[in-house]
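Please find below a short note on selected local features of the model.

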Amino acid sequence: MNGVPALDRASDVLLAVEDLTVEFHSDGRWVRVVEGVNVDVRRGEVLGLVGESGSGKTVTSLAVMGLIPKPFGRVSSGRVLFDDMDLIRAAPRQLDSVRGRRISMIFQEPARALNPAFTVGEQIAAVVRRHTGANRRQAWDRAVEVLDSVHIPSAGLRAKDYPYMFSGGMCQRVMIAMALACQPDLVIADEPTTALDVTVQDQILRLLDEVRRSTGVAILLITHDLAVIAAMCSRVGVMYAGQIVEEGPVDELFERPRHPYTAGLLDSLPRLDAPGGQFGAIPGRVPPPGQWPAGCHFHPRCGYVDPDRCTSGSIALARESGSSCRCVRADELVLERRTHG
């Protein structure tokens, strides 16, 4: 599996997230959970968002979909441009014309996302009828067609089954089928292989890659697993404590990370050439929203911190030749993945 080649022309940008900041109301104040996120998804590519739990990946995707719960959450600044339509400021009718039809989402817990009271075919057909105006027969036929396209055996019969009659991996295939039912331009896949065993994970990733190749759909893939990024994506954005800290082509970022957090994530991967299966670990944990440190959010866990430059002020995301990095020492450090033993 390989990501599509990175594209350069501005006209290839399908989704552009610009300076996105999301806040939630807690203990009488608004707390930032995503801060100044900039990322774009190009037509037909797979862009990865990676980072530890609590980094802001899922909240970013929910903001794109207009699913930040109100009145307790809000997008306080920024834009989300989809084919030049600002989804943040779009009227409800405009948003409804895009969400579910041109942008769809695969959630990380398919068994909970599916309604146990209806067959999987009925649920997919309902999506088709809602967004395309198809009649019942047409919608049902489309539901069977997409179930077959994600390799569910005897799709016509299984469409009449309820979610509890499917395994976790098969439920995820149903969710992928539902996401593809209206032939979207962009699919947001939020941890699509969570809680699946490694064999099923591989099957789901191969299926997503097959779908991308056959339909040309763009995929925003959210994960904490760098191995998934390596297998699926052409570009990747690394998130930490609500911010993008590094972004660029996957091959370049894996070969020479520029941000210490990215290097730490890479070093935590097990290696076949490491005696005893040793791997590194980043000390500490991601600070929760409302407790982000001043300066670089990563500096309390960083082994390269400069007390004069890293611990105060705002650290900008510096762009350079197709990649970006939020580190004042990026040009000074050589952060190749360490060799163990």
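1. Two rings of Phe, Tyr or Trp, the six-membered ring being used for Trp, are taken as a pair if their centres lie within 6.5 Å. The model under review is predicted, and three aromatic pairs are found in the structure. A pair of aromatic rings is described by the distance of the centres and the angle of the planes.

2. One of these pairs is formed by tyrosine 240 and phenylalanine 298, with ring centres 5.2 Å apart and planes at 85 degrees; the pair is therefore edge-to-face, since planes over 60 degrees apart are classed in that way. Because tyrosine 240 belongs to strand β9 (residues 235-240) and phenylalanine 298 to the loop between α11 (260-267) and β11 (318-320), the pair ties together parts that are 58 residues apart in sequence.

3. Are tyrosine 240 and phenylalanine 298 buried or exposed? Both tyrosine 240 and phenylalanine 298 are buried. Together with Tyr261, Tyr240 and Phe298 make up one aromatic cluster.

4. Two packed helices are described by the angle between their axes and the distance between the axes. For helix α5 (residues 136-149) and helix α7 (residues 168-180), the axes come within 9 Å and cross at roughly 125 degrees. The two helices α5 and α7 are therefore oblique to each other, and the crossing of α5 past α7 is right-handed.

5. Which residues form the contact between α5 and α7? On the α5 side they are Arg142, Val146 and Leu147, which meet Val174, Ala177 and Leu180 of α7. By class, the residues of this contact comprise five nonpolar, no polar and one charged.

6. Most residues other than glycine have a negative phi, and most peptide bonds are trans. The peptide bond between lysine 70 and proline 71 is cis, with omega about 5 degrees. Proline 71 is located in the loop between α1 (57-64) and β4 (73-82).

7. Aspartate 84, a residue other than glycine, has a positive phi near 75 degrees. Aspartate 84 sits in the loop between β4 and β5 (85-86). Its relative accessibility is 74%, so aspartate 84 counts as exposed, the cut-off for that class being over 50%.

8. Histidine 151 likewise is not a glycine, and its phi is positive at about 65 degrees. The loop between α5 and α6 (155-158) holds histidine 151. With a relative accessible area of 43%, histidine 151 is partly exposed.

Conventions:
Residues numbered from 1 in each chain as written. Predicted model: local features only at pLDDT ≥ 70, side-chain atom pairs only at ≥ 80, totals over all residues. Heavy atoms only, no water. Axes fitted to C-alpha atoms, helices over the stretch in contact; angles between N-to-C directions. Helix = DSSP H or I, 4+ residues; strand = E, 2+ residues; numbered from the N terminus. Parallel < 35°, antiparallel > 145°, perpendicular 65-115°, else oblique. Left-handed = near helix turned anticlockwise from the far one by under 90°. Contact = heavy atoms within 4.5 Å. Nonpolar A, V, L, I, M, F, W, Y, C, P; charged D, E, K, R; others polar. Phe/Tyr/Trp six-rings, centres within 6.5 Å; stacked < 30°, edge-to-face > 60°. Buried < 20%, exposed > 50% of the residue type's maximum accessible area, 1.4 Å probe, protein only.
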